[in-house]
Amino acid sequence: MSNILIVIHVTDNEVKKSVFSAAAFAKQAAAFAGGSYSLLAIGSDLSGATAKLATAGAAKVYTAQAPDLGNALAERLAPIIEQVLLAGSFKMVVSPASSVAKDVMPRLAARIGAGMASEVVGLSFDAGRFTYLRPMYAGNVNGAVQIDTPIEVVTIRPTEFEALAPSGTSPVETVAVPAPEPVAAKIEYLGFEKAVSTRPDLAEAAIVVSGGRGMKAKENFVILEELADLLGAAVGASRAAVDSGFIHNDFQVGQTGKIVAPNLYIACGISGALQHVAGMKSSRVVVAINKDEEAPIFQIADYGLVADLFKAVPELTAAVRALKG
Ligand SMILES: Cc1cc2nc3c(=O)[nH]c(=O)nc-3n(C[C@H](O)[C@H](O)[C@H](O)COP(=O)(O)OP(=O)(O)OC[C@H]3O[C@@H](n4cnc5c(N)ncnc54)[C@H](O)[C@@H]3O)c2cc1C
């Protein structure tokens with residue numbers, strides 16, 4: 001029997017789709033090994049999130065709320081997770097891969113002496129053991145790993161697990177939040193710079209319009225934004241575009257940026273370096289606009305247009321506008 005604990009950090013009462021992807025993973029793992037999955041939500045205010053979290057199919061939803069828990073400090077969060085984990089009979093703890101999880105989960109694993117598999121994209125079960133698939137070498141190969149410790153710590157790539165449809169209502173239990181450990185009290189949280197956008201969340205958007213170094217200047221991103229807004233899409237970028245100061249690094253797609261898997265990914269002025277492709281290759285349909293017919297992006301594109309993007313993108317926008325009436 002293998003009970004599983006999903007861990008999420010909630011800000012602004014926002015329940016991301018990735019919670020339901022983690023639930024899909026946990027449901028699969030619990031079905032393999034026998035058992036159930038529960039969910040631990042941590043945040044400063046969960047009042048607007050709990051009802052939605054309770055529809056993720058969990059046996060129980062644990063809520064840990066305190067004014068300072070809005071700041072995702074690993075030194076503060078890890079002991080709370082450890083407390084819930086060790087009080088239950090959990091064999092696995094899982095979180096959607098995110099910047100917060102990259103900080104918190106290894107610290108948790110170290111505290112409890114557990115092995116960890118990060119960015120898991122697949123799962124199998126044989127002779128009482130899980131085997132996790134995780135990308136290595138910028139996604140060029142998938143390593144198959146097993147964990148030998150009694151509790152297994154895992155982060156999953158939400159894009160690889162079809163989100164469960166919300167249903168039912170799980171019971172909710174409030175967790176008594178322990179006082180900060182001395183190490184957390186030594187850390188001063190200076191602030192969080194949130195990139196504000198009215199567009200869909202890049203990691204969860206159904207359509208992404210991305211620009212690279214070929215955009216040439218920050219001001220030129222307006223042509224991508226126009227197309228994105230017509231399509232209800234998120235805007236993304238290559239690292240070269242971010243490093244050139246065209247766009248905030250929150251919008252970077254790739255190995256060291258966000259992993260996206262939209263239905264449609266439109267790459268404009270992006271060469272298709274493997275570190276970029278590592279972040280978008282699971283997209284269902286890839287459209288590439290590039291003036292260089294030799295650009296590697298065309299090797300993975302479903303539709304490729306060899307053209308100057310400054311001509312092609314406005315034409316595409318006009319065509320979409322005409323179609324929409
Ligand atoms: C450890 C590591 C991690 C990395 N992580 C990432 C990552 O997460 N994400 C990422 O994107 N990169 C990452 N990179 C960088 C990556 O290797 C590439 O340098 C980067 O992706 C290139 O960005 P680009 O395609 O925008 O620029 P370029 O490679 O310079 O390509 C620009 C393209 O624009 C085209 N172009 C120019 N003008 C026009 C025009 N008018 N019309 C149409 N096309 C035009 C050109 O033909 C060219 O193909 C990483 C690198 C390393 C070493």
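Leaving aside its neighbours within four places in sequence, which residues is E119 in contact with? Select E119 to begin. Its partners are A97, K102, L133, R134, P135, T155, I156, R157 and I259. Contact here means heavy atoms within 4.5 Å.

Before moving on, note what is on screen. This is a predicted model, in which local features need pLDDT of at least 70, side-chain atom pairs count only at pLDDT 80 or more, and totals for chains, interfaces and linings use all residues. Residues are numbered from 1 along each chain as its sequence is written, and side-chain values use heavy atoms, with hydrogens and water left out.

**Stop 1: E119**

Stay on E119. This residue is found in strand β5, residues 115-120. Helices (H or I, at least four residues) and strands (E, at least two) are DSSP runs, numbered from the N terminus. E119 counts as buried, at 16% relative accessibility. Buried means under 20% relative accessible area, exposed over 50%, and partly exposed in between (1.4 Å probe, protein chains only).

Check the backbone too. E119 has a positive phi of about 55°, although it is not a glycine.

The side chains of E119 and R157 make a polar contact at 2.7 Å. A polar contact is a pair of N or O atoms within 3.5 Å; within protein, one must be able to donate a hydrogen and the other to accept it, and residues adjacent in sequence count only if both atoms are side-chain atoms.

E119 lies in strand β5 and K102 in helix α4, so the pair ties together parts that are 17 residues apart in sequence. K102 counts as exposed, at 55% relative accessibility. A salt bridge is a side-chain nitrogen of Lys or Arg within 4 Å of a carboxyl oxygen of Asp or Glu.

**Stop 2: other salt bridges**

How many salt bridges does a search of the whole structure find? The search finds 13. Select K16 and D201 for one of them, at 3.9 Å, N to O. This pair links distant parts of the chain, 185 residues apart. K16 is in the loop between β1 (3-9) and α1 (17-33), and D201 is in the loop between α5 (182-185) and β11. K16 is partly exposed, with a relative accessible area of 35%. D201 also counts as partly exposed, at 28%.

Now select E82 and R111. Their side chains meet in a salt bridge at 2.5 Å, N to O. E82 lies in helix α3 (residues 74-87) and R111 in helix α4 (residues 99-112), so the pair ties together parts that are 29 residues apart in sequence. E82 is buried, with a relative accessible area of 17%. R111 counts as partly exposed, at 33%.

**Stop 3: the surface around Y137**

Select M136, Y137 and V141. They form a nonpolar patch on the surface, with about 300 Å² of accessible area together. Y137 lies in the loop between β7 (129-136) and β8 (141-145). Is Y137 buried or exposed? Y137 is exposed, with a relative accessible area of 64%.

Patches are made of residues with over 30% relative accessible area and no salt bridge: like charges are joined within 9 Å, nonpolar side chains (Val, Leu, Ile, Met, Phe, Trp, Tyr) within 5 Å. Accessible areas come from the Shrake-Rupley method with a 1.4 Å probe; for residues, only the protein chains shown count as cover.

Go to G139 and K281. The backbone oxygen of G139 lies 2.6 Å from a polar atom of the K281 side chain. K281 is in the loop between α8 (274-277) and β14 (285-290). K281 is partly exposed, with a relative accessible area of 43%.

**Stop 4: helix α6**

Select residues 221-231, helix α6. Here F221, I223, L224, L227, A228 and L230 are buried. Their cover includes β11 (207-211), β12 (234-237), α7 (239-243), β13 (264-268) and α10 (309-324). Just after α6, G232 takes a positive phi of about 70°.

**Stop 5: the ligand**

Finish at the ligand. A polar side-chain atom of Q252 lies 2.8 Å from a ligand oxygen atom. A backbone N or O atom of V253 lies 2.8 Å from a ligand nitrogen atom. In the side chain of N290, an N or O atom is 2.7 Å from an oxygen atom of the ligand. Taken alone the ligand exposes 980 Å², and the protein buries 77% of that.
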